[in-house]
Amino acid sequence: MSDAATKPKPATAEAERELTDGFNLIIDALKLNGLNTIYGVPGIPITDFGRMAQAAGIRVLSFRHEQNAGYAASIAGFLTKKPGVCLTVSAPGFLNGLTALAHATTNCFPMILISGSSEREIVDLQQGDYEEMDQLAIAKPLCKAAFRVLHAQDIGIGVARAIRAAVSGRPGGVYLDLPAKLFGQVMDAAAGQKSLVKVIDAAPAQIPAPDAIKRALDVLKGAKRPLIILGKGAAYAQADDAIRAFVEKSGVPFLPMSMGKGLLPDTHPQCAGAARSTVLAQSDVVMLIGARLNWLLSHGKGKAWGTEPKKFIQVDIEPKEMDSNVEIVAPVVGDIGSCVSALLQGMGGAWPAAPADWVKTVTSKRDENVAKMAPRLMNNNSPMDYHGALGVLRTVIKERPDASLVNEGANTLDLARGIIDMYQPRKRLDVGTWGIMGIGMGYAIAAAIETGKPVLCVEGDSAFGFSGMEVETICRYKLPVCIVIFNNDGIYRGTDVNSVSDDPAPTVFVKGSRYDKMIEAFGGVGVNATSPDELKRAVNAAMDSGKPTLINAVLDPAAGSESGRIGNLNPQSVLKKK
Ligand code: ADP
Ligand code: MG
């Protein structure tokens, strides 16, 4: 008997219809919009979704903890200007991912957290479902927008709204709630395809008003001691050439914020990075481009800003950012690409040179500070101090400017930020607006995936602990990530003692830990480095080979100060028992 004879004939035209379902429609909607990478952790109800997405050509990266997957998605958003996608299971998985979503929103990175959720009917009656939680309500105050899709035919619109909300205006985090039942909902395939939306012009240009441009240029022109501050919003905008042209044409000293480093090289003649205190205190006109006057800039007032009266010009996409901390005399609202191009055009052919005496003050202070630092960076002490170890890593990045540098810790963060020069935009990826610990491995993984280039991850031993299990993920996907752990046996320092019991002090870890052994468990390369020379050899080998590597850099436990550079934020009791 032939096959045709055994196959039951479809009874009606209805049965012949081609069908699709929620699983396929979500995948199709993501792909249609160029969202080709998912960072997540599988489990109920999204396990099969992950498999199907992978089979459909989406790159699916499975992590060991949702928070790390979420941080990966957030920095993918920063790097690509497309929302980074994080996929989690319901309730606890969702909550683990939520920290990263809030982080993305705070940092103005576009991201979509997609979480499966439990049965609506049971959740809303609070009848105790598996992983019961009203996720949408919980996500709402912590992100830019939150949506739930209940019907397969609304998936296209749901995904489109999530994308637009994430990338338009000031970018941020969006939550998309997908109840378990949605995935299996079946509908006509043709109607399903028609319901999908390819988002047109997801982040429309926001052109600044001509009078705002003129006002800003007038203020800048009138300055005696002008300063430009470039923030991570400027890096995000991917308007690198226009920004460079504008800064160079103005001749004004510029100060990069941490993740604005590399927009123009830190070695650029106008860079005032090494004269930060001087330019903040002595400038009279400050132009902020994609940087907020938050705690990272001492709110634009107080001691750090000196006694010199300031005029602030601010270029930002978010109108409500203006006057948030101090008066902004020249607000320029629009996307940075459009704003900087308009500023350039408004400058016309001839623009006066920046005041020579000011430029000289800044450059001589900078050169003096750089010269002071230089010998400390060349020490070969063992155990290492921060400067000896960072001097080596500084050269690594100088020789490999296209590598990404991920950085977290306290002293490890503050000192690396100042010491390691950056040469290309969006290469320095760090703790951001909250100054959080835990971004390390998630950022490293996303940076490797999104850039295809090697990643150097400079981690405090404490900071690394928050995401350390992801070294398995790095090994599993064979990513070119070299992790250097600045191991000083503890938080801030490894020297605290508890004088009342046998318990260790709250800030210290196991002495002489060998973090390098962790990565060996998963087939990666582990190295214990006790001197800058050893560190240099190991890092160069890792960056050349692209093999997942973890270097335990043995630091003096007494190296480091409490809370790094932000000890002033750390309350100390005056009543403390001695
Ligand atoms: P930093 O920490 O480097 O100072 P912030 O995160 O404080 O940077 O500031 C970034 C600013 O950039 C935010 O106010 C945000 O609204 C703005 N921004 C982000 N993307 C753009 C863009 N494409 N155009 C204009 N402004 C932007
Ligand atoms: Mg430490």
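Colleague: Which residue of β13 stands opposite D316?

Modeller: This is a predicted model, in which local features need pLDDT of at least 70 and side-chain atom pairs count only at pLDDT 80 or more, while totals for chains, interfaces and linings use all residues. Residues are numbered from 1 along each chain as its sequence is written, chains are lettered from A and ligands numbered from 1 in the order in which they are written, and side-chain values use heavy atoms, with hydrogens and water left out. Strand β12 (residues 311-316) is joined by 4 bridges to strand β13 (residues 330-333), and these two run parallel. Across from D316, the residue in β13 is V333.

Colleague: In what order do the strands of this open sheet follow one another?

Modeller: Strands (E, at least two residues) and helices (H or I, at least four) are DSSP runs numbered from the N terminus, and two strands pair if DSSP finds at least two bridges between them. Strand β11 (residues 285-289) is joined to β12 by 5 bridges, the two running parallel, and V285 has K311 of β12 as its bridge partner. The 5 strands form an open sheet with parallel pairing, in the order β10-β9-β11-β12-β13.

Colleague: Which are the edge strands, and by what angle are neighbouring strands turned on average?

Modeller: An edge strand here pairs on one side only, as is the case for β10 (254-256) and β13. Ignoring direction, neighbouring strands of the sheet are turned against each other by an average of 15 degrees.

Colleague: How many of the 6 residues of β12 are buried?

Modeller: Buried means under 20% relative accessible area, exposed means over 50%, and partly exposed lies in between (1.4 Å probe, protein chains only). Strand β12 is largely enclosed by the rest of the structure, because its buried residues number 5.

Colleague: Is α5 parallel or oblique to α20?

Modeller: Axes are lines fitted to C-alpha atoms, for helices over the stretch in contact, with angles from 0 to 180 degrees between N-to-C directions; under 35 degrees counts as roughly parallel, over 145 as roughly antiparallel, 65 to 115 as roughly perpendicular, and the rest as oblique. The axes of α5 (residues 66-80) and α20 (residues 440-451) come within 7 Å and cross at roughly 40 degrees. The relation of α5 to α20 is therefore oblique.

Colleague: How do the residues of the contact of α5 with α20 divide?

Modeller: Contact means heavy atoms within 4.5 Å, and the residues involved include Y71, I75 and L79 of α5, and Y443, A447 and E450 of α20. Ala, Val, Leu, Ile, Met, Phe, Trp, Tyr, Cys and Pro count as nonpolar, Asp, Glu, Lys and Arg as charged, and the others, Gly among them, as polar. On this basis, the contact of α5 with α20 holds 8 nonpolar, 5 polar and 1 charged.

Colleague: How far apart in space are R276 and R366?

Modeller: R276 is found in helix α15 (residues 276-282) and is partly exposed, with a relative accessible area of 34%. Leaving out residues up to four places away in sequence, R276 touches L255, L296 and L297. R276 and R366 are 90 residues apart in sequence, whereas their C-alpha to C-alpha separation is 8.4 Å.

Colleague: Which residues does S462 touch, not counting those up to four places away in sequence?

Modeller: S462 belongs to helix α21 (residues 461-465), and with a relative accessible area of 17% it is buried. Beyond those sequence neighbours, S462 touches I491 and F509.
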